[in-house]
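Colleague: I'm new to this one. Can you walk me through it, starting with how some of the helices pack?

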Amino acid sequence: MADLVVVALLVALIGLLVGGFLLSRTRVREIVEEARHQADRIRADAEQEAARRADAAAAEQERIRTGLEERQAELERREQRIAVRERRFDGELRRLDEARRQADERAARLDRREAELSRLAEERRAVLERTAALSAEDARAALVAEVENQAKREAAILARDIERDARKNGEARARKIITLAIQRLASEQTSESVISVVHLPGDDMKGRIIGREGRNIRAFEMVTGVNLIIDDTPGAVLLSCFDPVRREVARLTLERLVLDGRIHPHRIEEAYEVSRREVDQLCVRAGEDALVEVGVSDMHPELVTLLGQLRYRTSYGQNVLAHLVESAHLAGMMAAELGMDVRLLKRCALLHDIGKALTHEVEGSHAMIGAEIARRYGECEDVVHAIEAHHNEVEVRTVEAVLTQAADAISGGRPGARRASLESYVERLQRMEEIAYANEGVEKVFAMQAGREIRVMVRPEAVDDVQAQVIARDIAKRVEEELTYPGQIRVTVIRESRATETAR
């Protein structure tokens, strides 16, 4: 600012020197005063500017100093935090090192202990094998058997609870439905027969049937495949054959020959052909009558023919076609009670034994044969499944199949429906008792109600309640797998506990 003042004075003096010659002395003084005032004003302005700039510089220096102090304080705080973290990290590292060292020591101890346990296990197994005289495989088998038995017990407990809950409401309903169906059914008793009796107008007809040197009877048996028995029975001869269709054809043939009176080999062949065609027509008519009686329609003609052929077949003395019609009525009544398709259930039950018409011609069980026939002739899958599953040869998947099984069992198991030979009946009872006695803890076995119930008495000290349930299931399963029987067999295991004390 002093430099500016000096420059201003020099300018004023130079102006005075230049204009001194032109101006008067008064004017010079005025100019000098004006220059002085101007110089003072300039100096004041310069001082103010210098003071303002000095204040600004001082404020800037103060701000910079404050910022430096704050940064210095922040750096110090960061250094402190870093130092704290370093100390903490050092402590963590020391702890980790210690933990790693302890883990290594523990792993080493575990390895030593595992090796020691393995050695002890080997020694124990050797001692056990020497003591029990068992190899490792035998011991493993015993352990597996024990685990299996325990699993059976647990499964039996679970199954018993589930069955109890299901039977709480379902058993009464099922009993009611089946009882209503049985009460509404009216059927006849049947008996098995493998012979047919043909009445003759006189005993002289027997000689004509035999023919010269027995040629007629030999021709008859060769053509029909049926044994002709001529004995001392007056006015009658017997036809014996296990194939009921052939036996019926032979009966009609013999009746036609007796009525005509001409009996010779050629006439026997003619009568046989006429009778065979007549039986075929009777089979078709019987199948159609069965459809009308049951109320089923739209069935393939081949199925109707096969159904009619069952008119001449029996199972344990029960006519198979009558059994199918009876089963269809039962299935329909149960379906009506359950609100299901009555016609579908009748169709399933009516066709469930259709395979018996071809059992001797095609290999396989009648259930699988019948299912294949029904599938071939356009029956729906529900009907096919009910046929193939009615003897549990495949897993039951539909309600229709279950009701078909129930109708089949009711029709075959009702009193008077079937007759089995005494020998097979006694053999079945003996086998049931053998199966029951094969279980551990069984004391006595009784076959009740003509073999439809097995009562098993077990020792209470050897068998508990859960094991009794397991025994009942095992017996029922073996009976299903090993025996053939109509209807169903109930297995009852009785465990009786008695407490006895003597008063003295």
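Modeller: Keep in mind that this is a predicted model. Take α10 and α12 to begin with: their axes cross at roughly 40°. An angle under 35 degrees would count as roughly parallel, so the pair α10 and α12 is oblique.

Colleague: How close do the axes of α10 and α12 come, and which residues are the helices made of?

Modeller: They come within 9 Å. Helix α10 is residues 342-351, and helix α12 is residues 381-388.

Colleague: Is the crossing of α10 and α12 left-handed or right-handed?

Modeller: The crossing is right-handed.

Colleague: Which residues make the contact?

Modeller: From α10, Leu-344, Arg-347, Cys-348 and Leu-351. From α12, Asp-382, Val-383, Ala-386 and Ile-387.

Colleague: And how do the residues in the contact of α10 with α12 split by class?

Modeller: Six are nonpolar and two are charged. No polar residues take part.

Colleague: How many residues of α10 are buried?

Modeller: Eight of its 10 residues, so α10 is mostly covered. The buried ones are Leu-344, Leu-345, Lys-346, Arg-347, Cys-348, Ala-349, Leu-350 and Leu-351.

Colleague: What caps the N-terminal end of α10?

Modeller: Asp-341 does. One of its side-chain oxygens lies 3.3 Å from the backbone nitrogen of Arg-343.

Colleague: Let's move to α11. Which of its residues are buried?

Modeller: Helix α11 covers residues 366-376. Its buried residues are His-366, Ala-367, Ile-369, Gly-370, Ala-371, Ile-373 and Ala-374.

Colleague: What do the buried residues of α11 pack against?

Modeller: Against α8, residues 301-309, and against α12. After α11 comes Gly-378, with a positive phi near 85°.

Colleague: Another pair, then. At what angle do α7 and α9 pack?

Modeller: At about 15°, with the axes 10 Å apart. With angles under 35 degrees counting as roughly parallel, α7 and α9 are therefore roughly parallel. The crossing is right-handed.

Colleague: Which residues of α7 and α9 make the contact?

Modeller: α7 brings Ala-286, Ala-290, Glu-293 and Val-294. α9 brings Leu-321, Val-325, Ala-328 and His-329. That gives six nonpolar residues, one polar and one charged.

Colleague: New topic: single residues. Where is Val-237?

Modeller: In strand β3, residues 236-240.

Colleague: Why does Val-237 count as buried?

Modeller: Buried means under 20% relative accessible area, and Val-237 is buried because its value is 0%.

Colleague: What does Val-237 touch, neighbours up to four places away not counted?

Modeller: Ser-196, Val-197, Val-198, Leu-200, Lys-206, Leu-228, Ile-229, Ile-230 and Leu-254. Val-237 and Leu-254 are 17 residues apart along the chain, and their C-alpha atoms are separated by 9.8 Å.

Colleague: Where is Leu-254 found?

Modeller: In helix α6, residues 244-260. Leu-254 is buried too, with 2% relative accessibility. Leaving aside neighbours within four places in sequence, its contacts are Val-198, Ile-209, Phe-220, Leu-228, Val-237 and Leu-239.

Colleague: How far is Leu-254 from Phe-220?

Modeller: The C-alpha atoms are separated by 8.6 Å. Along the chain, the two are 34 residues apart.

Colleague: What lies 2.6 Å from the backbone oxygen of Phe-220?

Modeller: A polar atom of the Thr-224 side chain. The side chain of Thr-224 also has a polar atom 3.4 Å from the backbone nitrogen of Val-226.

Colleague: Is Thr-224 buried or exposed?

Modeller: Buried, at a relative accessible area of 2%. Thr-224 sits in helix α5, residues 215-224. Not counting residues up to four places away, Thr-224 touches Arg-246, Ala-250 and Tyr-272.

Colleague: How about Arg-160? Where does that lie?

Modeller: In helix α3, residues 136-184. Arg-160 is partly exposed, with a relative accessible area of 31%. Its C-alpha is 9.2 Å from that of Val-466, though 306 residues separate them in sequence.

Colleague: Last thing, the whole protein. How many helices and strands are there?

Modeller: There are 15 helices and eight strands. Of the 504 residues, 31% are buried. Among contacts with a separation of 6 or more, 61% join residues 24 or more positions apart.

Key. Residues are numbered from 1 along each chain as its sequence is written. This is a predicted model: local features need pLDDT of at least 70, side-chain atom pairs count only at pLDDT 80 or more; totals for chains, interfaces and linings use all residues. Side-chain values use heavy atoms; hydrogens and water are left out. Axes are lines fitted to C-alpha atoms, for helices over the stretch in contact, and angles run from 0 to 180 degrees between N-to-C directions. Helices (H or I, at least four residues) and strands (E, at least two) are DSSP runs, numbered from the N terminus. Angles under 35 degrees count as roughly parallel, over 145 as roughly antiparallel, 65 to 115 as roughly perpendicular and the rest as oblique. A crossing is left-handed if the near helix is turned anticlockwise from the far one by less than a right angle, and right-handed if clockwise. Contact means heavy atoms within 4.5 Å. Ala, Val, Leu, Ile, Met, Phe, Trp, Tyr, Cys and Pro count as nonpolar, Asp, Glu, Lys and Arg as charged, and the others, Gly among them, as polar. Buried means under 20% relative accessible area, exposed over 50%, partly exposed in between (1.4 Å probe, protein chains only). A polar contact is a pair of N or O atoms within 3.5 Å; within protein, one must be able to donate a hydrogen and the other to accept it, and residues adjacent in sequence count only if both atoms are side-chain atoms.
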